[in-house]
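Please go through the structure below with the text beside it.

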Protein chains: 2
Amino acid sequence: MPEEKPYHHGDLRRALLDAALRVIAEGGVAGLTLREVARQAGVSHNAPYHHFADKAALVTALVDEGFAQFAKTMQFAYDAATGSALDKMVSVGVAYVRFAMEHPAQFRLMFRPELRASDGCLPLKHADVPETSSGYEVVIRALQAAQREGLVAEGDIDHLALAAWSTVHGLADLILDGNRDIASTPEEATALARMTVEVMVHGLAKRP
Amino acid sequence: MPEEKPYHHGDLRRALLDAALRVIAEGGVAGLTLREVARQAGVSHNAPYHHFADKAALVTALVDEGFAQFAKTMQFAYDAATGSALDKMVSVGVAYVRFAMEHPAQFRLMFRPELRASDGCLPLKHADVPETSSGYEVVIRALQAAQREGLVAEGDIDHLALAAWSTVHGLADLILDGNRDIASTPEEATALARMTVEVMVHGLAKRP
DNA sequence: CGGCAAATGTGGACAACGTCAAGATGCATT
DNA sequence: AATGCATCTTGACGTTGTCCACATTTGCCG
């Protein structure tokens with residue numbers, strides 16, 4: 001994808017992506033329209049077609065950016081957290097939900113396959129992010145570290161990771177789709193996420 | 001909503017709802033089109049407007065049906081499960097994921113607020129289902145029973161329920177959105193759900 | 001330095017969509 | 001039998017995604 005030196009506009013590709021995020025932020029995913037994006041960027045309704053094959057391609061580009069940004073956020077949460085590997089797990093989980101709250105447009109797009117180009121890629125292992133630095137890998141490594149520290153029971157690491165991922169993903173989805181009635185501010189969401197992740201870590205069942 | 005005695009068609013409202021589910025099953029949520037629904041039902045492109053105010057109203061009707069069906073499924077899973085209240089929890093969680101696998105069209109619609117009429121209702125407490133028999137209430141009651149049996153630690157029941165719900169909801173969402181690569185059959189999904197729910201019940205952390 | 005090809009942007013066109021308006025058709029009640 | 005309402009059809013309008021033909025700018029190459 002060569003888009004380094006734009007000719008007429010300046011950087012229309014970038015402007016279109018930003019405009020698309022703005023449009024989604026204002027009108028939701030359903031309100032995302034190629035023509036409206038072009039309008040907001042101040043170009044004709046056909047200009048986008050010189051930068052994206054079609055609407056799905058634009059969405060896919062946003063998704064790619066989202067996953068890259070997302071992986072960075074997860075890695076940062078992991079690195080910044082102090083304490084045991086379990087504490088790092090909690091930190092990563094909270095960061096997941098915070099990311100959804102702070103980037104709802106990208107997050108909704110990232111896990112909505114009917115909009116993006118059907119390249120069949122898995123959300124958990126997105127092509128645009130090197131396998132070893134995806135958000136999913138961060139969870140895997142955190143779990144492995146916790147296992148090494150003897151804090152997490154042995155067991156199929158993929159199952160454990162899927163369970164942990166499901167929990168934060170589900171919470172994020174519910175918060176976003178619930179019209180923010182579950183948690184209306186990032187702070188509330190953070191508190192909720194912390195409690196939820198800690199339930200996942202320690203389990204529903206009473207400890208003996 | 002009075003639709004007992006149809007005049008010309010037989011029961012066009014019902015036929016439209018069924019056709020809509022078929023359309024979604026074939027072309028995904030993005031392919032859901034009022035005109036295509038009408039076509040599949042064998043009526044003109046405007047006939048639906050005598051049964052639904054607009055497209056969102058049709059979707060809302062599907063969502064309502066979905067939540068009712070869903071609540072029944074959850075209740076049945078709870079009643080049918082044998083063993084402790086924790087076993088019942090697992091059964092309900094598995095039923096959640098199975099429902100998503102077996103009714104993907106409804107499930108996707110149910111948790112996608114941008115499509116339905118903006119009545120601001122929460123997914124977890126849907127208006128069409130009596131408060132005391134919603135799927136969420138089943139989880140609440142299961143948790144309360146487990147607490148009474150001393151199997152679940154004391155604590156804010158809403159937080160515990162949200163954590164449990166998030167886990168199965170997230171898993172269902174990931175399975176559905178991952179183009180079925182995580183689990184391609186209901187059987188696989190069931191096995192995965194069982195493992196995931198058990199991780200939630202017992203926790204990631206090693207038991208002493 | 002001049003000119004050409006590719007990259008970029010514009011306008012018009014078309015089918016499909018959601019929706020509105022107006023007319024036609026059949027059922028039910030009086 | 002006649003009236004009235006619920007139901008369905010046809011036609012229209014504005015908007016969307018996408019294709020096409022054309023204009024303009026840019027970088028490159030002789």
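**From the DNA to the protein core**

A polar side-chain atom of Tyr49(B) sits 2.9 Å from a phosphate oxygen of DNA strand C. A polar contact here is a pair of N or O atoms within 3.5 Å; within protein, one must be able to donate a hydrogen and the other to accept it, and residues adjacent in sequence count only if both atoms are side-chain atoms. The model is predicted, so that local features need pLDDT of at least 70 and side-chain atom pairs count only at pLDDT 80 or more, while totals for chains, interfaces and linings use all residues. Residues are numbered from 1 along each chain as its sequence is written, chains are lettered from A and ligands numbered from 1 in the order in which they are written, and side-chain values use heavy atoms, with hydrogens and water left out.

Arg39(B) has a polar side-chain atom 2.7 Å from a phosphate oxygen of DNA strand C. With Leu34(B), a backbone N or O atom is involved, 3.0 Å from a phosphate oxygen of DNA strand C.

How many residues surround DNA strand C? There are 23, and the closest are Asn46(A), His50(A), Arg35(B), Arg39(B) and Asn46(B). Of the atoms of DNA strand C that come within 4 Å of the protein, sugar and phosphate account for 52%. A residue is near a strand if one of its heavy atoms lies within 4 Å of it. Helix H2 (residues 34–41) of chain B gives the largest share of the surface near DNA strand C, namely three residues. Helices (H or I, at least four residues) and strands (E, at least two) are DSSP runs, numbered from the N terminus. By residue class, the surface near DNA strand C is made up of seven nonpolar, 11 polar and five charged residues. In this division Ala, Val, Leu, Ile, Met, Phe, Trp, Tyr, Cys and Pro count as nonpolar, Asp, Glu, Lys and Arg as charged, and the others, Gly among them, as polar.

Next comes the fold of chain A. Its secondary structure consists of eight helices and zero strands. The C-alpha atoms of chain A fill a box of roughly 65 × 35 × 30 Å along the principal axes. Of its 208 residues, 51% count as buried, where buried means under 20% relative accessible area, exposed over 50%, and partly exposed in between (1.4 Å probe, protein chains only). Among the contacts in chain A with a separation of 6 or more, residues 24 or more positions apart account for 64%; contact means heavy atoms within 4.5 Å.

Some single residues show how these positions look in detail. Thr60(A) lies in helix H3 (residues 55–80) of chain A, and counts as buried because its relative accessibility is 12%. A polar atom of the Thr60(A) side chain lies 2.7 Å from the backbone oxygen of Ala56(A). Leaving out residues up to four places away in sequence, Thr60(A) touches Arg116(A) and Ala117(A).

Val59(B) is in helix H3 (residues 55–80) of chain B. Is Val59(B) buried or exposed? Val59(B) counts as buried, because its relative accessibility is 1%. Residues up to four places away in sequence aside, Val59(B) touches Leu32(B), Leu109(B), Leu115(B) and Arg116(B). Gln106(B), in helix H5 (residues 104–110) of chain B, is buried as well, with a relative accessible area of 9%. Beyond its neighbours within four places in sequence, Gln106(B) is in contact with Leu21(B), Leu62(B), Gly66(B) and Gln69(B).

The two protein chains also meet each other. Chain B brings 50 residues to the contact and chain A brings 51 residues. The size of an interface is often given as the accessible area lost when the parts come together. Between chain B and chain A the buried area is about 4,300 Å², with 66% from carbon and sulfur atoms; it is the accessible area (1.4 Å probe) that two parts lose on being put together, summed over both. Leu174(B), Leu204(B) and Lys206(B) supply 17% of the area that chain B buries against chain A, more than any other three residues.

Finally, the largest nonpolar core has 149 residues, and those touching the most other members are Tyr96(A), Leu143(A), Trp165(A), Leu204(A), Tyr96(B), Leu143(B) and Leu204(B). A nonpolar core is a set of buried Ala, Val, Leu, Ile, Met, Phe, Trp, Tyr and Cys residues joined through side-chain atoms within 4.5 Å. Not counting residues up to four places away in sequence, Leu143(B) touches Leu204(A), Met89(B), Val152(B), Ile157(B), Leu160(B) and Ala161(B).
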